[in-house]
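Hi,

Here is the structure I said I would pass on. Have a look at it first, then read my notes below.

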Amino acid sequence: MVDSTGGKPPWGQYCLAIADAVRTAIAGNHQVLFVSQPYLFGENVHARHIEQQREAAAMLARTFGGDPRVRYVNLGDAVDL
């Protein structure tokens, strides 16, 4: 089941919080840059972190993809933690 942001469980609340923050920033006439932090490593953590960030990126594209004030940058692989 997907949530109101179109996000898949268990990331619905996370995506909803991001969407709310982006809407608040836009309402204040601000630009938004959402950045995926470097991926965490460890048993069962790495894959979940990547999944979480992919869901967030997909939600941003669905919800704000046409808005030039909202940008997304994935730095997940930029630093090996």
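**What I found**

Let's start inside helix α1, where Asp-20 and Arg-23 sit 3 residues apart, which means that about one helical turn separates them. (Helices are DSSP runs of H or I with at least four residues, strands are runs of E with at least two, and both are numbered from the N terminus.) An α-helix has 3.6 residues a turn, so residues three or four places apart point the same way. The side chains of Asp-20 and Arg-23 meet in a salt bridge, at 3.8 Å from N to O. The term salt bridge here means a side-chain nitrogen of Lys or Arg within 4 Å of a carboxyl oxygen of Asp or Glu. Asp-20 is partly exposed at 40% relative accessible area, and Arg-23 is partly exposed at 42%. (Buried means under 20% relative accessible area, exposed means over 50%, and partly exposed is in between, with a 1.4 Å probe and protein chains only.)

Before going on, two notes on where this comes from. This is a predicted model, in which local features need pLDDT of at least 70 and side-chain atom pairs count only at pLDDT 80 or more, while totals for chains, interfaces and linings use all residues. Residues are numbered from 1 along each chain as its sequence is written, and side-chain values use heavy atoms, with hydrogens and water left out.

How many salt bridges are there by this rule? The count comes to 2. Arg-69 counts as partly exposed at 31% relative accessibility, whereas Asp-67 counts as buried at 14%.

Back to α1 as a whole. This helix has 16 residues and reaches 22 Å from its first C-alpha to its last, close to the 22 Å expected at 1.5 Å a residue (the expected span is 1.5 Å times one less than the number of residues). Which residues of α1 are buried? They are Gly-12, Cys-15, Ile-18, Ala-19, Val-22, Ala-25 and Ile-26. Seen down the axis of α1, these fall within an arc of 155°, so they line one face of the helix; the arc is that of the directions from the helix axis to the C-beta atoms. The cover over them includes β1, α2 (46-64) and β2, with contact taken as heavy atoms within 4.5 Å. On the face turned away from the buried side you'll find the exposed residues Gln-13, Thr-24 and Ala-27.

Now for the two ends of α1. In the segment before α1 (12-27) lies Pro-10, and a cis peptide bond joins Pro-9 and Pro-10, with omega about 5°. Just after α1, Asn-29 takes a positive phi of about 65°. Asn-29 is in the loop between α1 and β1 (32-36) and is exposed, at 65% relative accessible area.

Last, the surface. Leu-33, Val-35, Val-73 and Leu-75 form a nonpolar patch there, with about 300 Å² of accessible area together. Patches take residues with over 30% relative accessible area and no salt bridge, joining like charges within 9 Å and nonpolar side chains (Val, Leu, Ile, Met, Phe, Trp, Tyr) within 5 Å. The areas come from the Shrake-Rupley method with a 1.4 Å probe, and for residues only the protein chains shown count as cover. Leu-75 lies in the segment after β2 (70-74) and is partly exposed, at 38%.

Cheers
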